[in-house]
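The exercises below are meant to be worked with the sequence and coordinates open, and each task is followed by a solution in steps.

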Amino acid sequence: MSNLFIAVEVSPDVASDAEVAAKLAEVCPVDIYAVGEGGSVRIVEDNLDECVLCRLCIDAAPAGSVKVRKLYDGGAL
Ligand code: SF4
């Protein structure tokens with residue numbers, strides 16, 4: 001895919017936390033997060049460009065563990 005404008009990063013220690021995975025899957029309005037195998041966080045790449053920069057994922061996860069980056073101006077949300 002060549003037109004990605006958003007990158008989502010979840011720190012590894014949190015990415016394997018089933019509780020966080022479930023929470024992220026619940027809060028993101030455009031389903032960028034899913035619960036993957038073993039309860040880990042799975043990023044749904046196909047939905048990344050639907051991100052509305054609402055910050056719900058950032059607020060739902062432990063501080064600093066989720067980053068949403070806007071690739072088009074190099075900025076972090
Ligand atoms: S900022 Fe909002 S839309 Fe974007 S990934 Fe986080 S919860 Fe989903």
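**Exercise 1.** Does Ser-65 count as buried or exposed, and at what relative accessibility?

*Solution.* The model is predicted, so local features are taken only at pLDDT of at least 70 and side-chain atom pairs only at pLDDT 80 or more, whereas totals for chains, interfaces and linings use all residues. Residues are numbered from 1 along each chain as its sequence is written, and side-chain values use heavy atoms, with hydrogens and water left out.

Step 1: with buried meaning under 20% relative accessible area, exposed over 50% and partly exposed in between (1.4 Å probe, protein chains only), Ser-65 at 6% is buried.
Step 2: Ser-65 sits in the loop between α3 and β4, where helices (H or I, at least four residues) and strands (E, at least two) are DSSP runs numbered from the N terminus.
Step 3: the side chain of Ser-65 reaches the backbone oxygen of Pro-62 at 2.6 Å.
Step 4: not counting residues up to four places away in sequence, Ser-65 touches Glu-9, Val-10, Ser-11 and Val-14, contact meaning heavy atoms within 4.5 Å.

**Exercise 2.** Determine which residues of helix α2 are buried, and where they lie around the helix axis.

*Solution.* Step 1: in α2, which spans residues 18-27, the buried residues are Val-20, Ala-21 and Leu-24.
Step 2: viewed down the axis of α2, these buried residues fall within an arc of 100 degrees, so they line one face of the helix; the arc is that of the directions from the helix axis to the C-beta atoms.
Step 3: Glu-19 and Glu-26, on the other side of α2, are exposed.
Step 4: the cover over the buried residues of α2 includes α1 (12-15), β2 (33-35), β3 (41-43), α3 (56-60) and β4 (66-70).

**Exercise 3.** Find how many salt bridges a search of the whole structure gives, and describe the parts of the chain that are linked.

*Solution.* Step 1: taking a salt bridge as a side-chain nitrogen of Lys or Arg within 4 Å of a carboxyl oxygen of Asp or Glu, the search finds 1.
Step 2: the side chains of Arg-69 and Glu-9 form a salt bridge, with an N to O distance of 2.9 Å.
Step 3: this pair links distant parts of the chain, since Arg-69 belongs to strand β4 and Glu-9 to strand β1, 60 residues apart.
Step 4: both side chains belong to partly exposed residues, with relative accessible areas of 32% for Arg-69 and 33% for Glu-9.

Note on methods: A polar contact is a pair of N or O atoms within 3.5 Å; within protein, one must be able to donate a hydrogen and the other to accept it, and residues adjacent in sequence count only if both atoms are side-chain atoms.
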